[in-house]
Amino acid sequence: MERPASEKTAHWFLPVALLAALIAGIWPALEVLGGRWLKFDESYSHGYLVLLVSLLLSIRKWRAVRPVAGCYPFWLIPFAAAAALYLAGSILLVEAFQQVVIVPLMLGVLLLIWGWRQASAFFLPVGILFFAIPVWDYLSWPLQLITVAFNQLLLSWLGIEFTVEGVFVYFPGVGAFEIAHGCSGLRYLLVGMTLATLYSELNYQRVISRIYLLCAAVLLALLANWIRVFVIIYVGYESNMTSSLIWEHDYFGWWVFAGTLVPLFFFAHRLERKEVVRGASDSGALASMGSGLSSRGWLMVIPVVSFGALAWAAEWSVADEKYRGTASHNLEVLPATEWLPLFRDSVAGWQPSVRRPDRQFTGAFLERGRLGSEDGREEVFVGLYTYDWQRPGGEVVQYENHLYDSEVLIPEQTFAVPAGDGIVLGGLKLRYRMSETRVYLAYGYYVESFWESEELRAKLAQLPGIFNSRSDASLLVIGVSCQSCDGREVLERLAPSVRHRVQGHLDSLF
């Protein structure tokens, strides 16, 4: 007997209504996510395209499966766990907690009304969105180190003289290269995995074929980045750092990546031919289950709508911690009897770029005893940038925050700067392109009462804030510019006292 039209409508209206309620509940997190997708120089600029692909794949799967809505209360447990993590991220202002559960929450809604057997068909069409969720940044540092190791191998094989410090490759008498975040290959890795997953969904039924293709995509995407970075470094070395490829290499990278797609799709086609042999046994689609929509299915509206209400309540509870302008730190970083303020916020044209801190102090100073000396004249910059609460768009480590502009300055050396009490700050020696003007930096992150000198460790340092009363994070930067002095020695002389004064000031605030 044919089902009533109202029942047929309910089978598609219920999941659409629940997903709409979920989207309304997590809209603040989705708004931040959409902003990241619009930054076309980052690793997630493919986000909107992935969203479109996910919608098309889901519609295609819907037409093939025709799932029947019901009530599966067992899946309230994982849905509640994902919801709790999202709410914790909202209250604690930990953006990663919110973003990592966006896809699980969507799949949880489908499991509540379709159960495992029907909802599992949508795991890949919906799950492909995970390749556009900004939780992959934690892979950037290991990928940078792997890229450095690969280039060490090739440069050694070619007999080129070089030294490596962390992610910096130095060529004596030529210059230096930084294997920065953008050189990690993360964007190529995510796009490669997305393409492999999409091809698998459209052409494969065997799980092993999907795994083989995904592994091949990962290897070729990483190889494309390794080749790209090596070519840039080698061309820079051979041209004595004069080639335009050194600072205009984005398009070059995508051409290299496109080249690696050729063997990838040859391999994909080979796997597809094996699928044809198995096609007859694996081609059965899921049949519609059940004879009708149970009235209990509508009960699943309650937990989803309740979560949405709690999510908005959590957003309102921390509304006071949103950005409301940048205030000034009131402190004396250098003794006024020894240092004269220059009433500007830079030395040698350099200053850090920090996006919307809650408080900041910036100033340039000149040592009073050397006012009449030009050759030994030391200009010192001190910058303190503080986020009272780390939150989406307001974190001490984020893409918009830079110690220097890589299009203007190039690193020549990294070093450690002792800052007293066993604390060590990071150090950088920078040189302006096509110039001999240099700036020496010491920098450190003071996150919830802990000092760190690396971005990844500073990012992770906010997690202990769950268990203490502090959620602040600050960046301290000391810069030195002089013609004939030893900038590193000046930093080592000033860092302990500046760090001690800054730490005391921040501890009194928070």
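Helix 10 and helix 11 (250-282) each contribute at least two residues to the lining of the largest cavity in this structure, which is a predicted model. Helix 11 provides the largest share of that lining, with 4 residues. The complete set of lining residues is Gly 192, Ala 217, Leu 220, Ala 221, Phe 257, Thr 260, Leu 261 and Leu 264. Sorted by class, the lining of this cavity has 6 nonpolar and 2 polar residues, with no charged ones. The space inside the largest cavity comes to about 30 Å³, and a search of the whole structure finds 1 cavity of 30 Å³ or more.

Helix 10 covers residues 207-238, 32 residues in all. From the first C-alpha to the last, helix 10 reaches 47 Å, close to the 46 Å expected at 1.5 Å a residue. Just after helix 10 comes Asn 240, whose phi is positive, at about 55°.

Two neighbours of helix 10 can be described through their packing. Helix 9 and helix 10 pack with their axes 8 Å apart, at an angle of about 155°. An angle over 145 degrees counts as roughly antiparallel, and helix 9 and helix 10 are therefore roughly antiparallel to each other. Their crossing is right-handed. The axes of helix 8 (residues 140-157) and helix 10 come within 10 Å and cross at roughly 55°. That angle makes helix 8 oblique to helix 10. Helix 8 also passes helix 10 in a right-handed crossing.

The crossing of helix 3 and helix 9 is left-handed.

Helix 3 leads on to another feature of the model, the second largest pocket. This pocket has a volume of about 810 Å³. Its lining is made up of 26 residues, and those that lie nearest the centre of the pocket are Leu 19, Ile 23, Leu 55, Ser 58 and Met 106. Several helices take part: helix 1 (5-25), helix 2 (27-37), helix 3 (47-65) and helix 6 (102-119) each supply at least two lining residues. Among the contributors to this lining, helix 3 gives the most, with 7 residues.

Technical notes. Residues numbered from 1 in each chain as written. Predicted model: local features only at pLDDT ≥ 70, side-chain atom pairs only at ≥ 80, totals over all residues. Heavy atoms only, no water. 1 Å grid on protein atoms, 1.4 Å probe; cavity = no way out; pocket = protein on both sides within 12 Å on 5 of 7 lines; lining within 4 Å. Points joined across faces, edges and corners; volume = space filled by probe spheres on them. Expected span 1.5 Å × (residues − 1). Left-handed = near helix turned anticlockwise from the far one by under 90°. Nonpolar A, V, L, I, M, F, W, Y, C, P; charged D, E, K, R; others polar. Axes fitted to C-alpha atoms, helices over the stretch in contact; angles between N-to-C directions. Parallel < 35°, antiparallel > 145°, perpendicular 65-115°, else oblique.
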